[in-house]
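We will go from stop to stop, selecting a few elements each time.

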Amino acid sequence: MSERLRELAAAFNGSFAAMTPLERLAAMAEHVPGPVVFTTSLGIEDQMITHLIFSNNLPIAVKTLDTGRLFPETYALWRETEEKYGRRIRAMYPRGEALEELVNDQGIDGFYYAPEFRKNCCGVRKVEPLGRALAGASGWITGLRRDQSANRADMDFVGFDGARGLVKANPIFDWSRDAIVRFTEANGVPVNKLHAKNFLSIGCAPCTRALRPGEPERAGRWWWEEETRRECGLHVDDAGNPVRADNHRPAEGD
Ligand code: SF4
């Protein structure tokens, strides 16, 4: 099965450039031999993809990782999105015992004090639930964009996640943030109110701040850490090593 999925990823990668994002999503739903899952963080890119999936009734499960530390604005958007489309975004939560152990061991906001504490927190609240969100799936949709960071510039439209055994597709990989903003406005797609307050990339509340003028798009994430350490472990290379979120390019309009 893995070899077949790897070949499928290569074939998709060659054909995606000529397709629209909706055609890319539909191709994943139609041709991947097994369940396809979209994991949304409810950011503007992901809201565009959720809109395409729900509006077109594509057979793609939409799931989100509720770390328990999200912004109130993100929960409000989650509710608004379910109400607008009449569809459920499936929540994945951290394991209760692991979370209790984590907080009792390193404190409620331990992630500020040591890089390994931050990794532990992302591990319990994000990476382990992601594994369950993708369990049994053959395809994974993400909202990654090429121009979010320099290290994403070399990524493909579609790759094979060798560690998880999945076809991993980025259907808006070639879209600029400005183009996505225009799409959401033209189509009435609900977006996080924090975007208007200069939060371009939104994650957990304690680990996200607003951007200052001229800062790169993801500079507000884990800002207290060295750039080379900024990764949460969700995106891995073929060998299962985390892909770093360093070397970010300036966001458009900055
Ligand atoms: Fe924990 Fe921050 Fe990672 Fe969220 S982003 S899981 S609060 S360390």
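Before the first selection, one definition: axes are lines fitted to C-alpha atoms, for helices over the stretch in contact, and angles run from 0 to 180 degrees between N-to-C directions. Keep in mind, too, that this is a predicted model.

**Stop 1: H5 and H6**

Select residues 96-106, which are helix H5, and residues 115-134, which are helix H6. Their axes approach within 10 Å and cross at roughly 165 degrees. Angles over 145 count as roughly antiparallel, so H5 is roughly antiparallel to H6. The crossing of H5 past H6 is left-handed. To see the contact, show Ala 98, Leu 99, Leu 102 and Gln 106 from H5, then Phe 117, Asn 120, Cys 121, Val 124 and Glu 128 from H6. Colour this contact by class and you will find six nonpolar, two polar and one charged residues.

**Stop 2: the sheet**

Next, turn to the strands. In what order do the six strands of the open sheet stand? The order is S3-S2-S1-S4-S6-S5, with mixed pairing. Strand S3 (90-92) and strand S5 (158-161) are at the edges with a single partner strand each, so one side of each has no neighbour in the sheet. From one strand to the next, the twist averages 30 degrees.

Now pick out strand S4 (residues 139-141) and strand S6 (residues 166-169), which pair in the parallel sense over three bridges. Here Trp 140 stands opposite Lys 168 in S6.

Bring in helix H1 (residues 2-15): this helix lies across S5 and S6 and runs at about 165 degrees to S5. H6 also packs on the sheet, where it touches strand S1 (36-40), strand S2 (61-65), S3, S4 and S6. The direction of H6 makes about 165 degrees with that of S2.

**Stop 3: the ligand**

Centre on the ligand, which 13 residues surround. Which of them are the closest? They are Cys 121, Cys 122, Arg 125, Cys 204 and Cys 207. The shell holds seven nonpolar, two polar and four charged residues.

**Stop 4: H3 and H7**

Finally, select helix H3 (residues 44-55) and helix H7 (residues 177-187), whose axes come within 10 Å and cross at roughly 45 degrees. H3 and H7 are therefore oblique to each other, and their crossing is left-handed. Show Ile 44, Glu 45, Gln 47, Met 48 and His 51 in H3, which meet Ile 180, Val 181, Phe 183, Thr 184 and Asn 187 in H7. This contact has five nonpolar, four polar and one charged residues.

Technical notes. Residues numbered from 1 in each chain as written. Predicted model: local features only at pLDDT ≥ 70, side-chain atom pairs only at ≥ 80, totals over all residues. Helix = DSSP H or I, 4+ residues; strand = E, 2+ residues; numbered from the N terminus. Parallel < 35°, antiparallel > 145°, perpendicular 65-115°, else oblique. Left-handed = near helix turned anticlockwise from the far one by under 90°. Contact = placed C-beta atoms within 7 Å. Nonpolar A, V, L, I, M, F, W, Y, C, P; charged D, E, K, R; others polar. Pairing = 2+ DSSP bridges. Near = placed C-beta within 6 Å.
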